[in-house]
Amino acid sequence: LEILKQYNIQATFFIIGKEGKAQPNLLKRMSEEGHSIGIHTYSHAYDKIYSSVENYLHDFYLTYELIYEITGEKPSVFRFPGGSINRYSLRNYQEIIAEMIRRGFTYYDWNASSGDAGQGVSAASVYSNTIQSSENKSRVILLMHDSAGKSYTVTALPKIIEYYQSNGFRFAAIHNDVN
């Protein structure tokens with residue numbers, strides 16, 4: 001958050017509810033500083049949430065209620081754990097997407113990745129992955145993780161921001177009306 005503030009950049013944080021519950025002050029700060037807060041489910045337990053549409057919705061709304069309770073904002077965007085199509089969601093992702101759209105929510109998948117969730121990651125590899133995965137794209141939704149232990153992501157962030165700025169990109173938080 002300090003780095004984003006330093007560069008005057010708004011970002012989107014897709015929250016895992018159980019982690020947001022443990023750090024309500026961070027959620028409040030994100031909101032107060034103008035960042036968009038989206039939903040990434042409560043448990044992040046793929047087997048459980050993708051076992052049925054009802055289970056997905058239950059897990060989703062736990063995070064929705066948490067964000068609303070802490071920030072006073074009603075989140076309208078979300079990101080599926082593992083992406084909208086993954087081996088866990090293959091049998092019901094279309095039903096889940098249709099139901100979420102019917103309820104007024106918009107999901108966003110990434111089209112570039114920092115690779116910061118893998119093994120043997122460093123600040124240099126995060127930077128390199130970010131640049132390589134966004135080559136030849138005029139619009140980038142970059143997947144990065146802010147969870148504990150991702151210090152290499154934080155270390156790489158200023159250089160990543162400066163790279164995109166020098167290449168004419170602008171930063172914006174994702175909202176329900178972003179195309």
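Helices (H or I, at least four residues) and strands (E, at least two) are DSSP runs, numbered from the N terminus. This is a predicted model. The largest nonpolar core holds 30 residues. Salt bridges come to four.

**Nonpolar cores**

- Y56, F78 and M100 touch the most other members of the largest nonpolar core.
- Two or more residues each come from α1, β1, α3 (24-32), β2, α5 (53-71), α6 (93-102) and α8 (151-166).
- Helix α5 gives the largest share of this core, eight residues.
- Another core lies apart from it, with eight residues that include V126, Y127, A156 and Y164.
- In soluble globular proteins, nonpolar side chains tend to be buried together.

**Contacts of F78**

- Neighbours within four places in sequence are left aside here.
- F78 is in contact with the aromatic residues F14, Y56, F60, F105, Y107 and Y108, among others.
- Its contacts also include I39, M100 and T106.

- R29 pairs with E2, and their closest N and O atoms are 2.4 Å apart.
- This pair links distant parts of the chain: R29 sits in helix α3 and E2 in helix α1, 27 residues apart.
- R29 is partly exposed, because its relative accessibility is 24%.
- E2 counts as exposed, because its relative accessible area is 52%.
- E33 joins E2 and R29 in a network of salt bridges.

- E99 forms a salt bridge with R102, with the closest N and O atoms 2.6 Å apart.
- Both residues lie in helix α6, three residues apart, or about one turn of the helix.
- E99 also forms a salt bridge with R103, where the closest N and O atoms are 2.5 Å apart.
- E99 is buried, because its relative accessible area is 17%, under the 20% cut-off.
- R102 is exposed at 61%, whereas R103 is partly exposed at 36%.
- Side chains of opposite charge can pair when their charged atoms come close.

- N8 lies in the loop between α1 (2-6) and β1 (12-15).
- N8 is exposed, because its relative accessibility is 67%.
- T41 lies in the loop between β2 (36-39) and α4 (46-49).
- T41 is buried, because its relative accessibility is 0%.

Methods
Residues numbered from 1 in each chain as written. Predicted model: local features only at pLDDT ≥ 70, side-chain atom pairs only at ≥ 80, totals over all residues. Heavy atoms only, no water. Buried < 20%, exposed > 50% of the residue type's maximum accessible area, 1.4 Å probe, protein only. Core = buried A, V, L, I, M, F, W, Y, C linked by side-chain atoms within 4.5 Å. Contact = heavy atoms within 4.5 Å. Salt bridge = Lys/Arg side-chain N within 4 Å of Asp/Glu carboxyl O.
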